[in-house]
Protein chains: 2
Amino acid sequence: MDAYLERLIADEEARLLGLSGELAPLVSQLRSAVGCGKRLRATFLYWGWRAAGQPDCEDVLQAAAAMELVHAAAVTHDDIIDNSRTRHGRPTAHVAFASSGAPAPSRAPADWDASSQGPGSPHGRPAALAMLLGDLLMGYAGHVFTTCGLPGAYLARTVPLWSELLRETVAGEFLEVLRTGSTARCVAESLEVARYKTAKYTVERPLHLGATLGGAREDVLRAFTAYGLALGEAFQLRDDVLGTFGDPALTGKSVLDDVRGAKPTALLAIATARALGPDKRLLDKLVGDPDLDEAGGERLREVMERCGARQEIEAMITDRIAAARAALDLAPMPPTARGALDDLAGTATDRAL
Amino acid sequence: MDAYLERLIADEEARLLGLSGELAPLVSQLRSAVGCGKRLRATFLYWGWRAAGQPDCEDVLQAAAAMELVHAAAVTHDDIIDNSRTRHGRPTAHVAFASSGAPAPSRAPADWDASSQGPGSPHGRPAALAMLLGDLLMGYAGHVFTTCGLPGAYLARTVPLWSELLRETVAGEFLEVLRTGSTARCVAESLEVARYKTAKYTVERPLHLGATLGGAREDVLRAFTAYGLALGEAFQLRDDVLGTFGDPALTGKSVLDDVRGAKPTALLAIATARALGPDKRLLDKLVGDPDLDEAGGERLREVMERCGARQEIEAMITDRIAAARAALDLAPMPPTARGALDDLAGTATDRAL
């Protein structure tokens, strides 16, 4: 998949530089945006296709690569929204545009003030360039999917799915932004965001896209909904745990961003509900504090352990992985595909991911 | 077209509210984003189709409506980049989200600070919500186009065009952001931005989309390139003049934004090249000044008149309209289509627009 994406990026690079040599910073970030990742969405699309009884082939790899380009687009915009500074250990697009991706103009509008906000501010010019990168990636994704080489009749079947995938993903992000920073945290609302933003987008819809391309039966699609929603929630819950307890050297992400930003995660919701006395006051004080330091982060982690929030999340993850695996028995599919999806239920939510 | 778009928005509204009632602010801005406009891009797509000898029909109206949704998406992101506060006399999406579109969270991350920047700041939370609105509109545009009802073989012919349209538009915006704020202004660079950002996007590519859907001959597409690039530049030059000399009550836009932001317009480039002595010093001092007031704007307008920049732009517009009209003779097309496109060359660049 990496080699495949590299070839697609090289094609687009040539076309962009054919328009203007000044687009070099855009090209450089385009390459960076698709350079890393676990390729989960491509993998699910591929196994959805195989579960429909279709053979391994080059065309479906291109369709799967399109799904990764959609993800690169979504991630680029998401990183602007969250003002995330690193992803996979590398600077995010708006951070890269702020620091070196493009020469600063001699006289920029006052609200494009990168310098006073430090490199990677979500504000102004670097964010504008990164937003355009995301738009480009999304447009290119559509092109790559449409020209993957599979018959037009196969592609036509996926039109409603694409539209649902995009709507659900935007809806999930929108709800997350609305709820971020709120002190009234609720597990059900966190899981609703996770369902749209992660479960459907990362697992269910990619599986549906592959299966629909392959002409799968209705019961396979239903099994994938059950598998995808359970596994996707587990995946988001694991991400939340890693976002607070993970090793930044392995995850490539800060362990303070979620708490600093008071993200509506289930982990924070459960901790808020369970913590008592001084622990509760500490949570109220530190969650959402933009200046939270590593020592404060460590104290919050202790509270989350002490009140049992982390353990409860681990139990929820285990339950959901089991439910996802059981859902694979709801419909007939070739043993290779079933085996791969069973394995993915474990590895996609791996503790050290 | 307005009624048609209204129906499409009502459909999408129902689907979004089906996901969550909390998406009401998104729905409201979705409606607002497509509520107004000259529908130029839909009109060009329609007449491209008719120029190919195809009849008036419902399906092509839906394809044309998709082009307007693409435009609404582009405009939503463009308004964030420019921090434009009004469009067609109404608040832009990020301004609306800042002031009333969505309740503020009780404890937002520090860099989502809408209040300290005033409503409509391009920063943080309102901009994040508006960015998501743009993403939603773009996704919906793809759905509307793909399901317009025209034969799959017709739609398949337009795939490379869509990809070029999106790439060129992003490239034009990217170059504009890179060049905005620079004191070294050059007419050729301004026109390059106008070519990608406006001429191809507003005129040439919509005509090509309609003509290609309709199966037009190669010489018709070539004539549309000549017509589109000339007319599109004229359109951007008119927009630049109106952006400085227009009546905000008619244009719905501020006459100070372009100069405050030091946008790379041909008008500013020519004025910079022509102005001498104290006029030149005034330009250097006031262009790019974020606090420029109406009195300063008036002095700048006087400089642009006195040095002949405005008159030179008017002459360039006249030349380009003539070139566009002449280009319609380069290929055979039905008289109705030719007549409509000839009329559009005049009205699309109308002084009072």
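Predicted model: local features only at pLDDT ≥ 70, side-chain atom pairs only at ≥ 80, totals over all residues.

Trainee: Which residues of helix α14 of chain A are buried?

Mentor: Begin with the general idea. Residues three or four places apart in an α-helix point the same way, because there are 3.6 residues a turn. In helix α14 of chain A, residues 277–286, the buried residues are A:Asp279, A:Leu282, A:Leu283 and A:Leu286. These buried residues line one face of the helix, because they fall within an arc of 100° seen down the axis of α14(A).

Trainee: What do the buried residues of α14(A) pack against, and which exposed residues does the face turned away from them carry?

Mentor: The buried residues pack against α12 (257–260), α13 (266–274) and α15 (294–306) of chain A. The face turned away carries A:Arg281 and A:Lys285, both exposed.

Trainee: Is B:Asp219 buried or exposed?

Mentor: Here a cut-off is needed: a residue is called buried under 20% relative accessible area. B:Asp219 is therefore buried, as its relative accessible area is 17%. This residue lies in helix α10 (residues 218–245) of chain B. Its side chain forms a polar contact of 2.5 Å with that of B:Arg217. Leaving out residues up to four places away in sequence, B:Asp219 touches B:Ala331 and B:Pro332.

Trainee: Which residues have the most contacts inside the largest nonpolar core?

Mentor: They are A:Tyr227, A:Leu341, B:Tyr227 and B:Leu341, in a core of 230 residues. Beyond its neighbours within four places in sequence, B:Tyr227 is in contact with several residues, including B:Phe44, B:Val203 and B:Leu341.

Definitions and conventions: Residues numbered from 1 in each chain as written. Chains lettered and ligands numbered in written order. Heavy atoms only, no water. Core = buried A, V, L, I, M, F, W, Y, C linked by side-chain atoms within 4.5 Å. Buried < 20%, exposed > 50% of the residue type's maximum accessible area, 1.4 Å probe, protein only. Contact = heavy atoms within 4.5 Å. Helix = DSSP H or I, 4+ residues; strand = E, 2+ residues; numbered from the N terminus. Polar contact = N/O pair within 3.5 Å; in protein donor to acceptor, adjacent residues only side chain to side chain. Arc of directions from axis to C-beta.
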